[in-house]
Amino acid sequence: MSSALLPLVLAGLLLAPPAKVYVCQGSASYAYHATDRCEGLAWCTKTVAKLPRAQAEKLGRRPCGRCYRR
Ligand SMILES: [Zn+2]
């Protein structure tokens with residue numbers, strides 16, 4: 001790879017960081033959300049945590065039906 005491309009690659013990483021999602025840490029919640037303003041999080045009585053999507057999936061969370069509706 002040409003070293004002239006490196007700055008462009010780094011800039012691309014900065015512009016596209018790993019996707020972060022929001023999860024309610026209450027035991028009743030099962031989903032992760034694309035935004036902390038989702039209606040699904042309005043019911044959360046515990047802390048809302050922001051983490052990488054891969055980590056939320058590892059915790060067994062599913063995509064929120066509202067945030068990830070097609
Ligand atoms: Zn949601």
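Helices (H or I, at least four residues) and strands (E, at least two) are taken as DSSP runs and numbered from the N terminus. The structure is a predicted model, in which local features need pLDDT of at least 70 and side-chain atom pairs count only at pLDDT 80 or more, while totals for chains, interfaces and linings use all residues. Residues are numbered from 1 along each chain as its sequence is written. On this basis, Tyr68 is assigned to the segment after S4.

The secondary structure of the protein chain amounts to 3 helices and 4 strands. Read from the N terminus, these elements follow the order α-β-β-α-β-α-β. Burial is assigned by counting other C-beta atoms, placed from the backbone, within 10 Å of a residue's own: 20 or more make a residue buried, 12 or fewer exposed, and values in between partly exposed. By this criterion, 14% of the 70 residues of the protein chain are buried. Two residues are in contact if their C-beta atoms, placed from the backbone, lie within 7 Å. Among contacts in the protein chain between residues at least 6 apart in sequence, 60% join residues at least 24 apart.

The 4 strands form an open sheet in the order S3-S1-S2-S4, with mixed pairing. Two strands are counted as paired if DSSP finds at least two bridges between them. In general, strands of a sheet pair through backbone hydrogen bonds, either parallel or antiparallel. S1 and S3 are antiparallel and share 5 bridges. Within this pair, Val23 stands opposite Ala49 in S3, and Cys24 stands opposite Val48 in S3. S1 and S2 are likewise antiparallel, over 2 bridges, and Tyr22 stands opposite His33 in S2. These two strands, S1 and S2, form a hairpin with 6 residues between them.

Strand S1 is largely enclosed by the rest of the structure, because 4 of its 5 residues are buried. A nonpolar core is defined as a set of buried Ala, Val, Leu, Ile, Met, Phe, Trp, Tyr and Cys residues joined through C-beta atoms within 7 Å. The largest such core has 9 residues, namely Val21, Tyr22, Val23, Cys24, Ala31, Tyr32, Leu41, Ala56 and Cys64. S1 and S2 are the elements that give two or more residues to this core, and the largest share, 4 residues, comes from S1. In soluble globular proteins, nonpolar side chains tend to be buried together. Tyr32, one of the core residues, is in contact with Val21, Tyr22, Val23, Arg53, Ala56, Arg61, Pro63 and Cys64, leaving aside its neighbours within four places in sequence.

Tyr30 lies in the loop between strand S1 (20–24) and S2. It counts as partly exposed because 13 C-beta neighbours are found inside 10 Å. When residues up to four places away in sequence are not counted, Tyr30 touches Arg61 and Arg62. The C-alpha atoms of Tyr30 and Pro63, 33 residues apart along the chain, are separated by 8.7 Å.

Pro63 is also touched by Tyr68, which touches Ala34 as well, again not counting residues up to four places away in sequence. Tyr68 is partly exposed, because it has 13 C-beta neighbours inside 10 Å. Tyr68 and His33 are 35 residues apart in sequence and 7.9 Å apart in space, C-alpha to C-alpha.

Two further residues are described in relation to Cys67. Arg37 is located in the loop between strand S2 (31–33) and helix H2 (39–42). With 10 other C-beta atoms within 10 Å, Arg37 is exposed. The C-alpha atoms of Arg37 and Cys67 are separated by 9.8 Å, and the two residues are 30 residues apart along the chain. Glu39 is placed in helix H2. Glu39 counts as exposed because 10 C-beta neighbours lie inside 10 Å. Between the C-alpha atoms of Glu39 and Cys67, 28 residues apart along the chain, the separation is 9.2 Å.
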